Amino acid sequence: MAKLLIVEDDESVRTLAARALERAGHMIDIAADGAQGLALIRAARGSYDLVVSDIRMPEMDGIQMAKAAASLFPAMKILLMTGYADQRERAEELNSVIVDVVQKPFTLAEIRARVEQALACFA
């Protein structure tokens, strides 16, 4: 069982991912945007096994959050999600922090599989 943080501004996607990953046996925290996600990362002192975050969000996007989290907790790993092809390119500068980028929309099986792959990469 891993401790995961899901950062997603779309409530339906956030709920879908949280339920799928909880059913897979993981402990889940959720945040509605990057600023809230970063606050939870700081409060947890970077102890999440994996952060699963959307790229495009209001207030603070996933790229900004990932950069801030990486500067505070360099060992933290982040799996990004996006429905926009151009956003995927923005993640390339974070190769040391970003494990992968998941294309939305995804199925429950896909998000579970991608999270399991990401966790296995640095288990």
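User: Which strand does A31 lie in?
Analyst: This is a predicted model, and in it A31 belongs to strand β2, which covers residues 27-31.

User: Is A31 buried or exposed, and why?
Analyst: A31 counts as buried, because its relative accessibility is 1% and the cut-off for buried is under 20%.

User: What does A31 touch, leaving out residues up to four places away in sequence?
Analyst: With those neighbours left out, A31 is in contact with L5, I6, V7, E8, R14, Q36, G37 and L40.

User: And how far apart are A31 and S71 in space?
Analyst: Computed along the sequence they are 40 residues apart, and from C-alpha to C-alpha the separation of A31 and S71 in space is 20 Å.

User: Let's move to the sheet. What is the strand order?
Analyst: The sheet is open and has five strands, in the order β2-β1-β3-β4-β5, and the pairing is parallel. Strands β2 and β5 (98-103) are at the edges, where each has a single partner strand, so one side of each lacks a neighbour in the sheet. From one strand to the next, the twist averages 20 degrees.

User: How many bridges join β3 and β4?
Analyst: Strand β3 (residues 50-54) pairs with strand β4 (residues 78-82) over four bridges, in the parallel sense; one of the residues involved is D54, whose bridge partner in β4 is M81.

User: Which strands does helix α1 touch?
Analyst: Helix α1 (residues 11-23) packs on the sheet and touches β1 (3-7) and β2, and its direction makes about 170 degrees with that of β2.

User: What about α5, where does that lie?
Analyst: Helix α5, made of residues 108-121, lies across β1, β3, β4 and β5, and runs at about 135 degrees to β3.

User: Now the whole chain: how do the elements run from the N terminus on?
Analyst: The protein has five helices and five strands, and from the N terminus on they run β-α-β-α-β-α-β-α-β-α. The radius of gyration is 13 Å, close to the 14 Å that the globule rule gives for 123 residues, so the protein is as compact as a globular protein of that length.

User: What share of the residues is buried, and what about the contacts?
Analyst: Buried residues make up 47% of the 123 residues, and among contacts with a separation of 6 or more, 65% are between residues 24 or more positions apart.

User: Last one, what does the accessible surface come to?
Analyst: The accessible surface of the protein comes to about 6200 Å², and 50% of that belongs to carbon and sulfur atoms.

Definitions and conventions
Residues are numbered from 1 along each chain as its sequence is written. This is a predicted model: local features need pLDDT of at least 70, side-chain atom pairs count only at pLDDT 80 or more; totals for chains, interfaces and linings use all residues. Side-chain values use heavy atoms; hydrogens and water are left out. Helices (H or I, at least four residues) and strands (E, at least two) are DSSP runs, numbered from the N terminus. Buried means under 20% relative accessible area, exposed over 50%, partly exposed in between (1.4 Å probe, protein chains only). Contact means heavy atoms within 4.5 Å. Two strands pair if DSSP finds at least two bridges between them. Axes are lines fitted to C-alpha atoms, for helices over the stretch in contact, and angles run from 0 to 180 degrees between N-to-C directions. The radius of gyration is taken over C-alpha atoms; the globule rule is 2.2 Å times the number of residues to the power 0.38. Accessible areas come from the Shrake-Rupley method with a 1.4 Å probe; for residues, only the protein chains shown count as cover.
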